[in-house]
Amino acid sequence: MSTLDIKGLQVSVATEAGFTEILRGVDLTIKSGETHAIMGPNGSGKSTLAYSIAGHPKYTITGGSVTLDGADVLAMSVDERARAGLFLAMQYPVEVPGVSVTNFLRTAATAIRGEAPKVRTWVGEVKEAMKALNMDPNFAERNVNEGFSGGEKKRHEILQLELLKPKFAILDETDSGLDVDALRIVSEGVNRIKGNSDLGILLITHYTRILRYIKPDFVHVFAAGKIVEAGGPELADKLEEKGYAEYTTA
Amino acid sequence: MSTLTTNYLAPTGREEAWRFTPLSRVGGLLDATTAIEGIASVRITSNQPQVKLTVKSAQNLPAISISDDLATIRAREVISEVTHIEVAANAQLSEPLIMERAGLSGKPQASRTLISCGLNSHATIILNNAGDAILADEIEFDLAPGSNLTFISLQEWSAKAVHLSRQHAVISKDATFNSIVITVGGSLVRLLPTVEYSGPGSSADLQGLYFATDGQHLEHRLHVNHNVPNAKSRVNYKGALAGDKAHTVWIGDVYIRANAEGTDTYELNRNLLLSDGARADSVPNLEIETGEIVGAGHASTTGRFDDEQLFYLSSRGIPAEIARRLVIRGFFAEIVGKINNEEIENRLMDRIDSELAKVEA
């Protein structure tokens, strides 16, 4: 059983006008096996929370803490955070020209597992994971995210989630840009991984659509850089009905 | 060309062609008073029955092209023998022909080589340039109609080598010249991959890679002369620089003459600056004397590491130095992959990795 603990997190980003505060004291605790949905309007800071936990250099932490089983995540480099068990499925996965998916996956798995996976079992492992996500085997020979469609990029993120087996996954707007079929495949992938592990999930989304496929245990409403309301799945139903108006005008 | 002997004037550094080159470091190759030994410097290490190497008197084998390059003029002036490599007509080489340098002393030397590809022949030739050298070097390629030559020139010189080289192809009707130039070694390398055409339907594909670290000067000056109708050219050079005073120069001159209707050309140079203190000069130049062409374009970019790529790789647990290596290997993969020889590809990538590690240390 692991715990990801976010306490009073404050984050700023440098702009031309100086530092702008985006997160204004975020408190959130996620335990293994739990699925938390963070929902909020555009510009509320949801993605900043995701990237700050992952350690993107663009964001400056000005207060608060993030710990994983007591270890100070904010003191770790980006790669150390991943090796500690954090995974960020990005909204806009980055193209890496000239680096094949195969090479990338194997390099990442080697780093995370601390040793190179055995060739024979690894090839089968990748094949099976790709098949489960309806991915063409040729996909492995393509360059990372280069020329991928929106759906392919998201499937590739979930493929990594499956192979890297983190303790906690942050899914940042994984539903954006997906049609119904792709959303179903990706969601089924997440549910399958969760069913086979003790994965804790932080699901960041603007729309309730993905919550029909991935059922949250907790729903948090995010507005103006912090959590303004928390509840169970019923909170999502309320948002579906009434939108974010009451949080943004307040 | 030997008539030019008396016209030789050493460059001052103010000439357009020499303004980037540190002339104090060329080892006397451009100095009219330096004693330069002429040698036949190329030898074949993997014999192919359809290829013949002979060393001939320079008088019997004059240059097939005109050059105003001073290093070439100087080389032509001092050599008395030319290495002639002939690929037989209709030869289809199943394996690449491997060549290396021989007789290099590390003192000023000059060398001339002519590679003649017979009618409808098809060959790949790999030239390994390694070790110490102070060499003014000319290689000409005479491509008969319908021939196809891939020439891979590897500059894996030692850290103090000086190499001034012209690699000039004359491409006749329906012939194809593929040049791959890889420069990772040497103190000063100035290489001129140049092309002219002698018949329509001819094609040149010039690709290159250079990686410069501390104090290296690696200069590539391309010149494509579209002097016939319906010829094609592609140029793609990629460079990376790391470390203090690493300097690369890429010049891409493409001329489309008034009679060169139907020309199709594109040239591209991309540079990746990996650290402060390195400098990449990139000058594409396209001159067009006729509008009746298929296409003509050029692009040049020089940039730093993409932090988003590094973040993406790191966020998957990959340590920063391995992530950097992956990105650099990826950047060069497009060119290195064209060599089509796993042993050489691995050797080059390992050298790039280790040079990079030295800079980072």
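Q: How many salt bridges does a search of the whole structure find?
A: Over all chains, the search turns up 36 salt bridges. For that label, a side-chain nitrogen of Lys or Arg has to be within 4 Å of a carboxyl oxygen of Asp or Glu. Bear in mind that this is a predicted model, where local features need pLDDT of at least 70 and side-chain atom pairs need 80 or more, while totals for chains, interfaces and linings use all residues. Residues count from 1 along each chain as its sequence is written, chains are lettered from A and ligands numbered from 1 in the order written, and side-chain values use heavy atoms, without hydrogens or water.

Q: Which side chain meets A:Glu125 in a salt bridge?
A: That's A:Arg113, with 2.7 Å from N to O. The two link distant parts of the chain: A:Glu125 sits in helix α4 (residues 119–132) of chain A and A:Arg113 in helix α3 (residues 101–113) of chain A, twelve residues apart. Helices here are DSSP runs of H or I with at least four residues, strands are runs of E with at least two, and both are numbered from the N terminus.

Q: OK, sheets now. What's the strand order in the open sheet of chain A?
A: The four strands go β2-β1-β4-β5 (chain A), and the pairing is antiparallel. To count as a pair, two strands need at least two bridges between them in DSSP.

Q: Which strands stand at the edges?
A: β2 (18–31) and β5 (71–72) of chain A do; each has a single partner strand, so one side of each has no neighbour in the sheet.

Q: And how many bridges join β1(A) and β2(A)?
A: Eleven, in the antiparallel sense. A:Ala14 has A:Phe19 in β2(A) as its bridge partner, and the two strands form a hairpin with two residues between them.

Q: Switching to chain B: what does the UniProt annotation cover?
A: The unreviewed entry puts "domain: SUF system FeS cluster assembly SufBD core" on residues 107–331 of chain B. Such annotations may be inferred rather than shown by experiment, with feature names shortened and positions in the numbering used here. Over that stretch, chain B is 9% helix and 61% strand, with the end C-alpha atoms 36 Å apart.

Q: Do β7(B) and β9(B) run parallel or antiparallel?
A: Parallel, with ten bridges joining β7(B) to β9 (residues 148–157) of chain B. B:Ile125 stands opposite B:Phe151 in β9(B). Strand β5 (residues 97–101) of chain B also runs parallel to β7 (residues 122–131), through four bridges, and B:Ile98 partners B:Ile126 in β7(B).
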